[in-house]
Amino acid sequence: MSILTVDGLSKSYDHGRVQAVTDVSFELAQGGTLGVVGESGSGKTTLSRLITGIEQPDSGRIVVAGTELEARTSRRARHERAGIMQMVFQDPYQSLDPRQTPEEAIDEIITLHGGLRGAARTARRREVLDQVDLPERARRALPRDLSGGQRQRVAIARALAASPRLLLLDEATSALDVSVQAQILRLLARIRADTGVAIVFVSHDLEVVRSITEELIVMFRGEVVESGETSRVLRDPQHPYTRLLLSSVPRPGWDPDQVSRDRRTFLRQLA
Amino acid sequence: MTLPTTETRSTHLLTRRSWLAIRHRGNALTLAAVIALGVLVLVAILAPVIAPYDPNQVSLIDALQPPSAAHLLGTDEAGRDVLSRVIWGARISLLGPLGVVLGSTLIGVTVGVLSAWRGGWVDATASRFVEILFAFPGVLLAILIVAVFGPGLASTVVALAVAYIPYMARTTRSVALAERQTPYIRALELQGMSAWRITSLHLVPNIAPFVLAQATLCFGYAMIDLAGLSFLGFGVQPPEADWGAMVAAGQAALIQGSPAPALAPGAVIVIAVVSFSLLGEGIAERVRRTSA
(Lines give C-alpha, C1' and ligand atoms only; values in the text may rest on other atoms or scores of the structure.)
Protein backbone atom coordinates (compact mmCIF):
# COMPACT_ATOMS: atom_id res chain seq x y z
CA MET A 1 0.00 0.00 0.00
CA SER A 2 1.22 3.47 -0.72
CA ILE A 3 1.52 6.02 2.07
CA LEU A 4 0.76 8.97 -0.19
CA THR A 5 -1.20 9.10 -3.42
CA VAL A 6 -1.65 12.36 -5.28
CA ASP A 7 -4.02 12.14 -8.21
CA GLY A 8 -4.72 14.87 -10.77
CA LEU A 9 -4.06 17.69 -8.33
CA SER A 10 -4.66 21.25 -9.61
CA LYS A 11 -4.64 24.59 -7.88
CA SER A 12 -4.89 28.08 -9.26
CA TYR A 13 -4.80 31.51 -7.65
CA ASP A 14 -6.29 34.83 -8.51
CA HIS A 15 -9.46 33.35 -10.03
CA GLY A 16 -7.65 30.97 -12.34
CA ARG A 17 -5.23 33.53 -13.71
CA VAL A 18 -2.24 31.95 -11.98
CA GLN A 19 -2.05 28.21 -12.43
CA ALA A 20 0.19 27.12 -9.54
CA VAL A 21 -0.20 23.36 -9.82
CA THR A 22 -1.60 21.55 -12.86
CA ASP A 23 -2.70 17.93 -12.91
CA VAL A 24 0.02 16.56 -10.66
CA SER A 25 -0.06 12.82 -9.91
CA PHE A 26 2.42 10.59 -8.11
CA GLU A 27 2.56 7.82 -5.60
CA LEU A 28 4.90 7.19 -2.70
CA ALA A 29 5.32 3.73 -1.20
CA GLN A 30 5.47 3.09 2.55
CA GLY A 31 8.92 4.07 3.74
CA GLY A 32 9.87 5.47 0.33
CA THR A 33 11.60 8.76 -0.42
CA LEU A 34 10.50 11.25 -3.00
CA GLY A 35 12.21 14.43 -4.08
CA VAL A 36 10.26 17.31 -5.58
CA VAL A 37 12.53 19.72 -7.44
CA GLY A 38 11.97 22.85 -9.47
CA GLU A 39 12.93 26.51 -9.44
CA SER A 40 11.08 29.23 -7.52
CA GLY A 41 7.53 29.48 -8.82
CA SER A 42 7.49 25.94 -10.15
CA GLY A 43 4.62 25.04 -7.83
CA LYS A 44 6.53 22.80 -5.44
CA THR A 45 5.67 24.88 -2.38
CA THR A 46 1.99 25.00 -3.38
CA LEU A 47 2.13 21.24 -3.78
CA SER A 48 3.44 20.79 -0.22
CA ARG A 49 0.82 23.20 1.12
CA LEU A 50 -1.87 21.15 -0.61
CA ILE A 51 -0.56 17.88 0.76
CA THR A 52 -0.49 19.23 4.33
CA GLY A 53 -3.95 20.70 3.94
CA ILE A 54 -2.88 24.30 4.51
CA GLU A 55 -4.54 24.98 1.15
CA GLN A 56 -7.38 23.25 -0.65
CA PRO A 57 -6.98 21.98 -4.23
CA ASP A 58 -9.35 23.08 -7.03
CA SER A 59 -9.49 19.49 -8.22
CA GLY A 60 -7.80 16.17 -7.66
CA ARG A 61 -7.36 13.81 -4.74
CA ILE A 62 -4.81 13.38 -1.99
CA VAL A 63 -4.88 10.04 -0.20
CA VAL A 64 -2.72 9.68 2.90
CA ALA A 65 -2.41 6.16 4.34
CA GLY A 66 -5.63 5.11 2.68
CA THR A 67 -7.66 8.12 3.83
CA GLU A 68 -8.64 10.81 1.38
CA LEU A 69 -8.15 14.37 2.62
CA GLU A 70 -11.45 16.16 2.80
CA ALA A 71 -11.90 19.68 1.55
CA ARG A 72 -12.95 21.21 4.85
CA THR A 73 -11.15 19.48 7.64
CA SER A 74 -12.21 19.37 11.24
CA ARG A 75 -9.68 19.64 14.02
CA ARG A 76 -10.17 15.95 14.72
CA ALA A 77 -9.24 15.16 11.11
CA ARG A 78 -6.18 17.40 11.34
CA HIS A 79 -5.21 15.74 14.60
CA GLU A 80 -5.53 12.28 13.05
CA ARG A 81 -3.60 13.33 9.98
CA ALA A 82 -0.85 14.80 12.18
CA GLY A 83 -0.32 11.33 13.62
CA ILE A 84 0.41 10.09 10.11
CA MET A 85 2.04 13.03 8.34
CA GLN A 86 4.31 15.69 9.76
CA MET A 87 6.02 18.67 8.21
CA VAL A 88 9.35 20.46 8.68
CA PHE A 89 9.54 24.02 7.44
CA GLN A 90 12.27 25.94 5.68
CA ASP A 91 12.96 28.66 8.21
CA PRO A 92 14.39 27.19 11.41
CA TYR A 93 14.39 30.65 12.97
CA GLN A 94 10.63 30.99 12.83
CA SER A 95 9.39 27.46 13.15
CA LEU A 96 9.81 27.24 16.92
CA ASP A 97 7.89 29.13 19.58
CA PRO A 98 10.48 31.64 20.84
CA ARG A 99 9.30 31.14 24.41
CA GLN A 100 9.55 27.34 24.49
CA THR A 101 12.61 25.22 25.18
CA PRO A 102 13.02 22.09 23.02
CA GLU A 103 11.97 19.91 25.96
CA GLU A 104 8.77 21.88 26.50
CA ALA A 105 7.97 21.89 22.80
CA ILE A 106 8.42 18.12 22.50
CA ASP A 107 6.46 17.46 25.71
CA GLU A 108 3.54 19.40 24.35
CA ILE A 109 3.39 17.34 21.16
CA ILE A 110 3.83 14.03 23.01
CA THR A 111 0.94 14.89 25.30
CA LEU A 112 -1.16 16.02 22.36
CA HIS A 113 -0.69 12.83 20.39
CA GLY A 114 0.31 10.06 22.73
CA GLY A 115 -1.42 11.29 25.87
CA LEU A 116 1.72 10.27 27.77
CA ARG A 117 2.47 11.96 31.08
CA GLY A 118 5.03 11.86 33.86
CA ALA A 119 7.92 9.42 33.55
CA ALA A 120 6.63 7.87 30.31
CA ARG A 121 6.59 11.29 28.71
CA THR A 122 10.09 12.10 29.94
CA ALA A 123 11.37 8.83 28.50
CA ARG A 124 9.70 9.45 25.14
CA ARG A 125 11.01 13.02 25.05
CA ARG A 126 14.54 11.77 25.71
CA GLU A 127 14.16 9.19 22.98
CA VAL A 128 13.00 11.76 20.44
CA LEU A 129 15.68 14.31 21.28
CA ASP A 130 18.35 11.57 21.25
CA GLN A 131 17.11 10.62 17.80
CA VAL A 132 18.06 14.06 16.46
CA ASP A 133 21.32 14.24 18.45
CA LEU A 134 20.42 17.44 20.23
CA PRO A 135 23.12 18.23 22.81
CA GLU A 136 21.98 17.99 26.42
CA ARG A 137 22.72 21.68 27.03
CA ALA A 138 20.54 22.79 24.13
CA ARG A 139 17.50 20.92 25.38
CA ARG A 140 16.71 23.47 28.04
CA ALA A 141 17.73 26.56 26.06
CA LEU A 142 15.41 28.99 24.35
CA PRO A 143 15.43 28.97 20.52
CA ARG A 144 17.29 32.31 20.42
CA ASP A 145 20.28 30.56 22.02
CA LEU A 146 20.29 27.70 19.51
CA SER A 147 22.09 27.57 16.18
CA GLY A 148 20.17 27.17 12.92
CA GLY A 149 21.12 23.50 12.72
CA GLN A 150 20.04 22.86 16.30
CA ARG A 151 16.73 24.58 15.67
CA GLN A 152 16.11 22.43 12.63
CA ARG A 153 16.93 19.35 14.72
CA VAL A 154 14.30 20.47 17.22
CA ALA A 155 11.79 21.00 14.39
CA ILE A 156 12.52 17.48 13.13
CA ALA A 157 12.20 16.11 16.67
CA ARG A 158 8.87 17.86 17.05
CA ALA A 159 7.70 16.19 13.85
CA LEU A 160 8.98 12.79 15.00
CA ALA A 161 7.32 13.14 18.42
CA ALA A 162 3.99 12.35 16.79
CA SER A 163 5.45 9.08 15.37
CA PRO A 164 4.44 9.93 11.80
CA ARG A 165 4.69 7.54 8.87
CA LEU A 166 5.33 10.35 6.42
CA LEU A 167 7.63 13.33 6.81
CA LEU A 168 7.25 16.29 4.47
CA LEU A 169 10.28 18.57 4.38
CA ASP A 170 9.80 21.87 2.57
CA GLU A 171 13.26 23.28 1.75
CA ALA A 172 14.23 22.07 5.21
CA THR A 173 17.95 22.46 4.65
CA SER A 174 17.95 25.52 2.38
CA ALA A 175 18.45 28.04 5.19
CA LEU A 176 21.41 26.15 6.65
CA ASP A 177 25.05 26.44 5.71
CA VAL A 178 26.59 23.59 3.79
CA SER A 179 28.27 21.65 6.60
CA VAL A 180 25.16 21.84 8.79
CA GLN A 181 23.09 20.84 5.77
CA ALA A 182 25.16 17.67 5.41
CA GLN A 183 24.67 16.84 9.10
CA ILE A 184 20.91 17.24 8.82
CA LEU A 185 20.80 15.09 5.68
CA ARG A 186 22.79 12.34 7.41
CA LEU A 187 20.43 12.63 10.34
CA LEU A 188 17.38 12.25 8.10
CA ALA A 189 18.89 9.20 6.39
CA ARG A 190 19.52 7.61 9.77
CA ILE A 191 16.04 8.43 11.07
CA ARG A 192 14.57 6.86 7.97
CA ALA A 193 16.64 3.73 8.44
CA ASP A 194 15.64 3.53 12.12
CA THR A 195 11.95 4.34 11.88
CA GLY A 196 11.02 3.48 8.30
CA VAL A 197 9.32 6.86 7.89
CA ALA A 198 8.55 7.87 4.31
CA ILE A 199 10.02 11.20 3.22
CA VAL A 200 8.90 13.82 0.73
CA PHE A 201 11.73 16.28 0.24
CA VAL A 202 10.83 19.50 -1.52
CA SER A 203 13.89 21.44 -2.65
CA HIS A 204 15.43 23.57 -5.35
CA ASP A 205 18.77 21.94 -4.60
CA LEU A 206 19.49 18.95 -6.84
CA GLU A 207 22.51 17.80 -4.84
CA VAL A 208 20.50 17.65 -1.64
CA VAL A 209 17.73 15.71 -3.35
CA ARG A 210 20.24 13.36 -4.95
CA SER A 211 21.68 12.49 -1.55
CA ILE A 212 18.44 11.66 0.18
CA THR A 213 15.74 10.50 -2.22
CA GLU A 214 15.17 7.43 -4.37
CA GLU A 215 12.34 8.80 -6.49
CA LEU A 216 12.19 12.22 -8.06
CA ILE A 217 9.67 14.47 -9.75
CA VAL A 218 10.75 17.59 -11.58
CA MET A 219 8.26 20.45 -11.67
CA PHE A 220 8.11 23.35 -14.07
CA ARG A 221 5.37 25.96 -14.14
CA GLY A 222 3.10 23.81 -11.99
CA GLU A 223 3.46 20.66 -14.03
CA VAL A 224 5.48 17.50 -13.55
CA VAL A 225 7.82 17.45 -16.54
CA GLU A 226 9.82 14.41 -15.55
CA SER A 227 9.67 11.71 -12.93
CA GLY A 228 11.44 8.49 -12.09
CA GLU A 229 14.27 7.05 -10.08
CA THR A 230 16.41 9.91 -8.75
CA SER A 231 19.73 8.47 -9.92
CA ARG A 232 18.34 7.74 -13.39
CA VAL A 233 16.72 11.16 -13.82
CA LEU A 234 19.86 12.99 -12.74
CA ARG A 235 22.21 10.79 -14.79
CA ASP A 236 20.11 10.69 -17.93
CA PRO A 237 17.59 13.54 -17.92
CA GLN A 238 14.98 13.25 -20.67
CA HIS A 239 13.25 16.60 -20.42
CA PRO A 240 15.08 19.76 -21.54
CA TYR A 241 14.05 21.53 -18.33
CA THR A 242 15.68 18.85 -16.19
CA ARG A 243 18.83 19.19 -18.31
CA LEU A 244 18.70 22.93 -17.78
CA LEU A 245 18.33 22.51 -14.01
CA LEU A 246 21.29 20.16 -13.94
CA SER A 247 23.45 22.50 -15.98
CA SER A 248 22.64 25.33 -13.52
CA VAL A 249 24.44 23.55 -10.68
CA PRO A 250 27.79 25.30 -10.19
CA ARG A 251 30.77 23.00 -10.69
CA PRO A 252 34.39 23.39 -11.83
CA GLY A 253 34.53 24.83 -15.33
CA TRP A 254 30.92 25.90 -15.09
CA ASP A 255 29.82 28.80 -17.29
CA PRO A 256 26.92 30.85 -15.89
CA ASP A 257 26.53 32.70 -19.21
CA GLN A 258 26.04 29.39 -21.01
CA VAL A 259 23.30 28.54 -18.50
CA SER A 260 21.55 31.85 -19.20
CA ARG A 261 21.77 31.19 -22.96
CA ASP A 262 20.44 27.65 -22.51
CA ARG A 263 17.62 28.99 -20.43
CA ARG A 264 16.62 31.54 -23.06
CA THR A 265 16.74 28.87 -25.78
CA PHE A 266 14.61 26.58 -23.63
CA LEU A 267 11.98 29.24 -22.96
CA ARG A 268 11.89 30.20 -26.65
CA GLN A 269 11.33 26.59 -27.67
CA LEU A 270 8.56 26.40 -25.11
CA ALA A 271 6.82 29.45 -26.52
CA MET B 1 45.63 51.52 2.47
CA THR B 2 45.88 52.18 6.20
CA LEU B 3 44.46 55.68 6.12
CA PRO B 4 40.96 54.83 4.90
CA THR B 5 40.81 52.02 7.44
CA THR B 6 41.48 54.32 10.38
CA GLU B 7 39.01 56.78 8.95
CA THR B 8 36.24 54.22 8.72
CA ARG B 9 37.13 52.99 12.11
CA SER B 10 36.84 56.43 13.73
CA THR B 11 33.49 57.16 12.09
CA HIS B 12 32.38 53.73 13.12
CA LEU B 13 33.37 54.48 16.70
CA LEU B 14 31.59 57.82 16.57
CA THR B 15 28.33 56.36 15.34
CA ARG B 16 28.67 53.59 17.84
CA ARG B 17 29.20 56.06 20.67
CA SER B 18 26.32 58.32 19.69
CA TRP B 19 24.11 55.28 19.34
CA LEU B 20 25.10 54.23 22.84
CA ALA B 21 24.35 57.73 24.12
CA ILE B 22 20.86 57.66 22.59
CA ARG B 23 20.26 54.23 23.96
CA HIS B 24 21.53 55.27 27.34
CA ARG B 25 19.33 58.34 27.45
CA GLY B 26 16.30 56.23 26.53
CA ASN B 27 17.09 53.83 29.32
CA ALA B 28 17.62 56.63 31.83
CA LEU B 29 14.22 58.14 31.00
CA THR B 30 12.51 54.77 31.30
CA LEU B 31 14.29 54.18 34.58
CA ALA B 32 13.18 57.60 35.86
CA ALA B 33 9.60 56.76 34.86
CA VAL B 34 9.75 53.43 36.66
CA ILE B 35 11.08 55.13 39.81
CA ALA B 36 8.41 57.86 39.69
CA LEU B 37 5.63 55.32 39.21
CA GLY B 38 7.07 53.08 41.91
CA VAL B 39 7.01 56.00 44.33
CA LEU B 40 3.40 56.81 43.39
CA VAL B 41 2.29 53.21 43.91
CA LEU B 42 4.08 53.08 47.25
CA VAL B 43 2.45 56.34 48.28
CA ALA B 44 -0.97 54.93 47.34
CA ILE B 45 -0.38 51.75 49.33
CA LEU B 46 1.13 53.51 52.34
CA ALA B 47 -1.38 56.40 52.36
CA PRO B 48 -2.78 55.64 55.85
CA VAL B 49 0.76 55.57 57.26
CA ILE B 50 2.37 58.53 55.57
CA ALA B 51 -0.52 61.01 55.23
CA PRO B 52 -0.08 63.57 58.04
CA TYR B 53 -3.84 64.29 58.33
CA ASP B 54 -7.23 62.75 57.62
CA PRO B 55 -7.84 63.78 53.99
CA ASN B 56 -11.49 64.54 54.69
CA GLN B 57 -11.01 66.40 57.95
CA VAL B 58 -12.85 69.70 57.39
CA SER B 59 -11.69 72.69 59.39
CA LEU B 60 -13.14 75.91 58.01
CA ILE B 61 -10.98 78.07 60.32
CA ASP B 62 -7.90 76.68 58.57
CA ALA B 63 -9.25 77.20 55.02
CA LEU B 64 -6.81 78.17 52.27
CA GLN B 65 -3.71 78.35 54.42
CA PRO B 66 -0.49 78.85 52.49
CA PRO B 67 2.15 76.10 52.71
CA SER B 68 3.69 75.95 56.18
CA ALA B 69 5.50 73.53 58.44
CA ALA B 70 2.15 72.15 59.66
CA HIS B 71 0.65 71.88 56.14
CA LEU B 72 3.47 71.37 53.64
CA LEU B 73 1.17 72.10 50.67
CA GLY B 74 -1.24 74.31 52.56
CA THR B 75 -4.96 73.67 52.95
CA ASP B 76 -7.90 73.78 50.56
CA GLU B 77 -11.13 75.79 50.67
CA ALA B 78 -12.56 73.45 53.34
CA GLY B 79 -9.40 73.58 55.44
CA ARG B 80 -8.34 70.03 54.49
CA ASP B 81 -4.63 69.26 54.24
CA VAL B 82 -3.71 69.30 50.51
CA LEU B 83 -0.71 66.97 50.93
CA SER B 84 -2.85 64.35 52.70
CA ARG B 85 -5.45 64.58 49.96
CA VAL B 86 -2.83 64.23 47.22
CA ILE B 87 -1.46 61.16 49.01
CA TRP B 88 -4.87 59.55 49.50
CA GLY B 89 -5.92 60.63 46.01
CA ALA B 90 -3.17 58.44 44.57
CA ARG B 91 -5.32 55.41 45.36
CA ILE B 92 -8.37 56.26 43.27
CA SER B 93 -6.31 58.12 40.68
CA LEU B 94 -4.25 54.98 40.02
CA LEU B 95 -7.00 52.38 40.53
CA GLY B 96 -9.33 54.15 38.08
CA PRO B 97 -6.98 53.94 35.07
CA LEU B 98 -6.00 50.42 36.12
CA GLY B 99 -9.65 49.38 35.85
CA VAL B 100 -9.94 51.08 32.46
CA VAL B 101 -6.80 49.39 31.13
CA LEU B 102 -7.66 45.94 32.51
CA GLY B 103 -11.17 46.07 31.08
CA SER B 104 -10.18 47.39 27.68
CA THR B 105 -7.19 45.04 27.42
CA LEU B 106 -9.23 41.97 28.27
CA ILE B 107 -11.90 42.71 25.69
CA GLY B 108 -9.58 44.38 23.16
CA VAL B 109 -7.11 41.48 23.12
CA THR B 110 -9.94 38.96 22.81
CA VAL B 111 -11.48 40.85 19.90
CA GLY B 112 -8.09 41.45 18.24
CA VAL B 113 -6.91 37.84 18.50
CA LEU B 114 -10.27 36.47 17.39
CA SER B 115 -10.25 38.85 14.44
CA ALA B 116 -6.73 37.90 13.38
CA TRP B 117 -7.24 34.19 13.93
CA ARG B 118 -10.59 33.64 12.27
CA GLY B 119 -10.40 36.27 9.52
CA GLY B 120 -13.34 36.35 7.12
CA TRP B 121 -16.66 37.61 8.41
CA VAL B 122 -15.53 37.51 12.05
CA ASP B 123 -12.69 39.89 11.23
CA ALA B 124 -14.94 42.08 9.09
CA THR B 125 -17.60 42.36 11.81
CA ALA B 126 -15.09 42.97 14.60
CA SER B 127 -13.22 45.54 12.51
CA ARG B 128 -16.41 47.49 11.77
CA PHE B 129 -17.29 47.41 15.48
CA VAL B 130 -13.84 48.76 16.33
CA GLU B 131 -14.10 51.46 13.65
CA ILE B 132 -17.48 52.62 14.97
CA LEU B 133 -16.04 52.87 18.47
CA PHE B 134 -13.05 54.76 17.07
CA ALA B 135 -15.26 57.24 15.30
CA PHE B 136 -17.14 57.94 18.53
CA PRO B 137 -15.23 60.34 20.82
CA GLY B 138 -14.32 58.46 24.00
CA VAL B 139 -15.13 61.25 26.40
CA LEU B 140 -18.51 61.79 24.74
CA LEU B 141 -19.25 58.09 25.11
CA ALA B 142 -18.29 58.34 28.76
CA ILE B 143 -20.58 61.32 29.31
CA LEU B 144 -23.43 59.36 27.68
CA ILE B 145 -22.88 56.37 29.93
CA VAL B 146 -22.65 58.62 32.98
CA ALA B 147 -25.89 60.29 31.93
CA VAL B 148 -27.58 56.89 31.92
CA PHE B 149 -25.99 55.27 34.98
CA GLY B 150 -25.28 58.39 37.03
CA PRO B 151 -21.92 59.93 37.94
CA GLY B 152 -19.27 58.09 39.93
CA LEU B 153 -15.98 56.30 39.56
CA ALA B 154 -17.50 52.97 38.48
CA SER B 155 -19.52 54.33 35.57
CA THR B 156 -16.65 56.49 34.27
CA VAL B 157 -14.25 53.55 34.47
CA VAL B 158 -16.66 51.28 32.59
CA ALA B 159 -17.31 54.01 30.02
CA LEU B 160 -13.63 54.66 29.38
CA ALA B 161 -12.87 50.93 29.30
CA VAL B 162 -15.36 50.66 26.43
CA ALA B 163 -13.89 53.73 24.76
CA TYR B 164 -10.36 52.25 24.97
CA ILE B 165 -11.26 48.86 23.50
CA PRO B 166 -10.48 49.90 19.90
CA TYR B 167 -6.94 51.03 20.81
CA MET B 168 -6.16 47.66 22.35
CA ALA B 169 -8.05 45.67 19.71
CA ARG B 170 -6.36 47.36 16.76
CA THR B 171 -2.81 46.89 18.07
CA THR B 172 -3.53 43.31 19.08
CA ARG B 173 -5.07 42.44 15.73
CA SER B 174 -2.11 43.74 13.74
CA VAL B 175 0.55 41.94 15.81
CA ALA B 176 -1.56 38.78 16.08
CA LEU B 177 -2.04 38.78 12.31
CA ALA B 178 1.72 38.85 11.78
CA GLU B 179 2.29 36.20 14.44
CA ARG B 180 -0.36 33.92 12.94
CA GLN B 181 1.63 33.69 9.71
CA THR B 182 4.80 32.46 11.42
CA PRO B 183 5.74 28.83 10.71
CA TYR B 184 5.65 27.81 14.38
CA ILE B 185 1.94 28.64 14.60
CA ARG B 186 1.37 26.79 11.31
CA ALA B 187 3.28 23.83 12.67
CA LEU B 188 1.08 23.69 15.78
CA GLU B 189 -2.03 23.93 13.62
CA LEU B 190 -0.79 21.04 11.51
CA GLN B 191 -0.30 19.10 14.74
CA GLY B 192 -4.06 19.32 15.18
CA MET B 193 -3.78 21.51 18.25
CA SER B 194 -6.97 23.41 19.06
CA ALA B 195 -7.20 27.08 18.14
CA TRP B 196 -7.89 27.89 21.78
CA ARG B 197 -4.72 26.13 22.91
CA ILE B 198 -2.55 27.70 20.22
CA THR B 199 -3.80 31.22 20.85
CA SER B 200 -3.83 31.08 24.63
CA LEU B 201 -0.58 29.15 25.16
CA HIS B 202 1.50 30.34 22.20
CA LEU B 203 0.18 33.32 20.30
CA VAL B 204 -0.95 35.58 23.15
CA PRO B 205 2.17 35.04 25.33
CA ASN B 206 4.32 35.90 22.32
CA ILE B 207 2.52 39.13 21.53
CA ALA B 208 2.18 40.07 25.23
CA PRO B 209 5.09 42.55 25.19
CA PHE B 210 3.38 44.55 22.42
CA VAL B 211 0.11 44.48 24.32
CA LEU B 212 1.87 45.55 27.52
CA ALA B 213 3.48 48.53 25.76
CA GLN B 214 0.14 49.64 24.37
CA ALA B 215 -1.64 49.09 27.71
CA THR B 216 0.96 51.20 29.52
CA LEU B 217 0.45 54.06 27.06
CA CYS B 218 -3.30 53.72 27.50
CA PHE B 219 -2.86 53.90 31.27
CA GLY B 220 -1.51 57.43 30.97
CA TYR B 221 -4.28 58.52 28.61
CA ALA B 222 -6.94 56.91 30.82
CA MET B 223 -5.57 58.86 33.76
CA ILE B 224 -5.95 62.15 31.89
CA ASP B 225 -9.45 61.24 30.71
CA LEU B 226 -10.56 60.14 34.18
CA ALA B 227 -9.11 63.30 35.70
CA GLY B 228 -10.92 65.30 33.03
CA LEU B 229 -14.21 63.55 33.76
CA SER B 230 -13.71 64.09 37.51
CA PHE B 231 -12.90 67.72 36.78
CA LEU B 232 -16.19 68.02 34.90
CA GLY B 233 -18.00 66.44 37.84
CA PHE B 234 -18.86 63.11 36.17
CA GLY B 235 -16.32 60.95 37.93
CA VAL B 236 -15.29 60.72 41.54
CA GLN B 237 -17.71 62.67 43.73
CA PRO B 238 -16.70 65.00 46.58
CA PRO B 239 -15.49 64.74 49.24
CA GLU B 240 -13.52 61.71 48.05
CA ALA B 241 -9.88 62.62 47.33
CA ASP B 242 -9.10 62.30 43.62
CA TRP B 243 -6.54 64.36 41.73
CA GLY B 244 -8.88 65.36 38.90
CA ALA B 245 -11.66 66.34 41.31
CA MET B 246 -9.13 68.25 43.43
CA VAL B 247 -8.01 70.33 40.46
CA ALA B 248 -11.66 71.19 39.81
CA ALA B 249 -12.36 72.06 43.43
CA GLY B 250 -9.20 74.13 43.65
CA GLN B 251 -10.13 76.46 40.79
CA ALA B 252 -11.83 79.03 43.00
CA ALA B 253 -8.88 79.10 45.39
CA LEU B 254 -6.55 79.58 42.42
CA ILE B 255 -8.30 82.87 41.64
CA GLN B 256 -8.17 83.85 45.30
CA GLY B 257 -4.38 83.55 45.27
CA SER B 258 -3.96 80.03 46.70
CA PRO B 259 -2.56 77.95 43.85
CA ALA B 260 -1.52 74.86 45.85
CA PRO B 261 -4.93 73.06 46.12
CA ALA B 262 -5.23 72.93 42.31
CA LEU B 263 -1.59 72.90 41.21
CA ALA B 264 -0.36 70.15 43.53
CA PRO B 265 -2.73 67.44 42.24
CA GLY B 266 -2.30 68.83 38.72
CA ALA B 267 1.47 68.45 38.96
CA VAL B 268 1.16 64.86 40.20
CA ILE B 269 -1.17 64.04 37.28
CA VAL B 270 1.41 65.43 34.86
CA ILE B 271 4.23 63.44 36.49
CA ALA B 272 2.19 60.22 36.44
CA VAL B 273 0.98 60.63 32.85
CA VAL B 274 4.43 61.54 31.52
CA SER B 275 5.92 58.59 33.40
CA PHE B 276 3.40 56.18 31.93
CA SER B 277 4.06 57.53 28.43
CA LEU B 278 7.82 57.18 28.88
CA LEU B 279 7.46 53.70 30.28
CA GLY B 280 5.13 52.68 27.44
CA GLU B 281 7.57 54.07 24.86
CA GLY B 282 10.43 52.36 26.67
CA ILE B 283 8.71 48.99 26.56
CA ALA B 284 7.71 49.47 22.93
CA GLU B 285 11.29 50.39 22.01
CA ARG B 286 12.64 47.36 23.84
CA VAL B 287 10.17 45.08 22.10
CA ARG B 288 11.09 46.57 18.71
CA ARG B 289 14.78 46.06 19.41
CA THR B 290 14.47 42.47 20.61
CA SER B 291 12.09 41.42 17.86
CA ALA B 292 14.15 43.10 15.11
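The model is a predicted one, in which local features need pLDDT of at least 70 and side-chain atom pairs count only at pLDDT 80 or more, while totals for chains, interfaces and linings use all residues. Residues are numbered from 1 along each chain as its sequence is written, chains are lettered from A and ligands numbered from 1 in the order in which they are written, and side-chain values use heavy atoms, with hydrogens and water left out.

Show chain B as a C-alpha trace, and along its principal axes it spans about 75 × 65 × 35 Å. In cartoon view, chain B shows 11 helices and zero strands (DSSP runs, numbered from the N terminus, of H or I with at least four residues for helices and of E with at least two for strands). Of the 292 residues in chain B, 46% are buried (under 20% relative accessible area, with a 1.4 Å probe and protein chains only).

Next, select Thr101(A), which lies in the loop between strand E6 (85-88) and helix H3 (102-114) of chain A. Is Thr101(A) buried or exposed? Thr101(A) is buried, because its relative accessible area is 11%. Beyond its neighbours within four places in sequence, Thr101(A) is in contact with Arg139(A), Arg140(A), Ala141(A) and Leu142(A), where contact means heavy atoms within 4.5 Å.

Definitions and conventions:
Buried < 20%, exposed > 50% of the residue type's maximum accessible area, 1.4 Å probe, protein only.
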